[in-house]
Amino acid sequence: MPAPDEQPRTTVDVVTDDALGHDDAVGLLARLGRREVSAAELADAARARAERAHAVLNAVATWVEPDQCPPGDGPFAGLPTLVKDNEALAGLPTSEGSAAVPDRPAEASSPWVTQFVGLGFAPVAKTTLPE
């Protein structure tokens, strides 16, 4: 039982019967390799799950359109992911989780995001941070 000053916790389950299924990254890469699923299908499923979570948790700071950050052809090519809003992604605002930070698009991606995307990960959204 929570203490009187604690707020009840909300459980959010976004797993469903979609292109992501119940696979981890290794399983998704194998399915991509066998052409059982496409990178676009995985990205659509990841975005749909993020939208369901966002509706309850206000979890998304910015949505990333596929043409805004095309993934590289590295070993993780085609895997959708989320990026925290403390990392710059070219053309999108980086608020650092604070309303005090100007809502200005980043001129370039951070070195971490550049490397991450170069490995083939495909960001579908930037996620919020506590202020």
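Which residues does L32 touch, not counting residues up to four places away in sequence? The list is V37, S38, A39, L42, A77, G78 and L79, where touching means heavy atoms within 4.5 Å.

## About the model

This is a predicted model, in which local features need pLDDT of at least 70, side-chain atom pairs count only at pLDDT 80 or more, and totals for chains, interfaces and linings use all residues. Residues are numbered from 1 along each chain as its sequence is written, and side-chain values use heavy atoms, with hydrogens and water left out.

Helix α1 spans residues 25-33; helices here are DSSP runs of H or I, at least four residues, numbered from the N terminus. Its buried residues (under 20% relative accessible area, 1.4 Å probe, protein chains only) are G27, L28, R31 and L32. Seen down the axis, they fall within an arc of 140°, so they line one face of the helix; the arc is taken from the directions from the helix axis to the C-beta atoms. These buried residues pack against α2 (39-57).

Turned away from that side are V26 and G33, which are exposed, meaning over 50% on that scale.

## The ends of α1

Just after the helix, R35 takes a positive phi of about 60°.

## The nonpolar core

L28 and L32 also belong to the largest nonpolar core, which has twelve residues, including L42, F116 and F121. Such a core is a set of buried Ala, Val, Leu, Ile, Met, Phe, Trp, Tyr and Cys residues joined through side-chain atoms within 4.5 Å. Both α1 and α2 give two or more residues to this core, and α2 supplies the largest share, three residues.
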